[in-house]
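Hello,

Here is the structure I promised to pass on to you. Have a look at it first, and then read on for what turned up in it.

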Amino acid sequence: MRPPEELGSVDWASLRHGLRADASNVPRIIRALYGDDGRSARERVSPLWVLTRWNEV
């Protein structure tokens with residue numbers, strides 16, 4: 001996996017995710033996976049699951 005610093009090099013607003021909205025919120029969700037704020041892995045992955053629930057990433 002590439003480091004989260006490289007997420008800024010993608011034009012996320014031009015992409016769509018499973019909720020049929022622009023993907024500009026995806027970098028924030030991915031960066032949260034790297035966090036260490038006491039949240040469980042399940043809590044960290046949950047937002048990604050919502051974005052991919054229709055398998056349209």
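**What turned up**

Leaving out residues up to four places away in sequence, Leu15 touches Val10, Ala21, Asp22 and Ala23. Leu15 sits in the segment before helix 1, and its relative accessibility of 39% makes it partly exposed, because that class runs between the 20% limit for buried and the 50% limit for exposed. From Leu15 to Val26 there are 11 residues in sequence and 9.9 Å in space, C-alpha to C-alpha.

Before going further, please keep in mind that this is a predicted model.

Here is the overall picture. The protein chain has 2 helices and 0 strands. It holds 57 residues, and buried residues make up 21% of them. Its accessible surface comes to about 4,400 Å², with 54% of that belonging to carbon and sulfur atoms. If you take the contacts between residues at least 6 apart in sequence, 38% of them join residues at least 24 apart.

Now to helix 1, which covers residues 26–33. Which of its residues are buried? They are Val26, Pro27, Ile29 and Ile30. These residues lie on the same side of helix 1, because they cover an arc of only 160° around the axis.

Is Pro4 buried or exposed? It counts as buried, because its relative accessibility is 15% and the cut-off for buried is under 20%. Although Pro4 and Ile30 are 26 residues apart in sequence, their C-alpha atoms are 7.4 Å apart in space. Ile30, as noted, is one of the buried residues of helix 1. With neighbours within four places in sequence set aside, Pro4 is in contact with Arg31 and Tyr34.

Gly8 also lies in the segment before helix 1. With a relative accessible area of 63%, Gly8 is exposed, since exposed means over 50%. Its C-alpha atom is separated by 7.6 Å from that of Pro27, 19 residues apart along the chain. Pro27 itself is buried in helix 1, whereas Gly8 is exposed.

Ser14 is another residue of the segment before helix 1. A polar atom of the Ser14 side chain lies 2.7 Å from the backbone oxygen of Asp11. Between the C-alpha atoms of Ser14 and Ser24 the separation is 8.1 Å, and these two residues are 10 residues apart along the chain.

After that, turn to Val26, Pro27, Ile29 and Ile30 on helix 1.

Best wishes

Technical notes. Residues are numbered from 1 along each chain as its sequence is written. This is a predicted model: local features need pLDDT of at least 70, side-chain atom pairs count only at pLDDT 80 or more; totals for chains, interfaces and linings use all residues. Side-chain values use heavy atoms; hydrogens and water are left out. Helices (H or I, at least four residues) and strands (E, at least two) are DSSP runs, numbered from the N terminus. Buried means under 20% relative accessible area, exposed over 50%, partly exposed in between (1.4 Å probe, protein chains only). Contact means heavy atoms within 4.5 Å. Accessible areas come from the Shrake-Rupley method with a 1.4 Å probe; for residues, only the protein chains shown count as cover. The arc is that of the directions from the helix axis to the C-beta atoms. A polar contact is a pair of N or O atoms within 3.5 Å; within protein, one must be able to donate a hydrogen and the other to accept it, and residues adjacent in sequence count only if both atoms are side-chain atoms.
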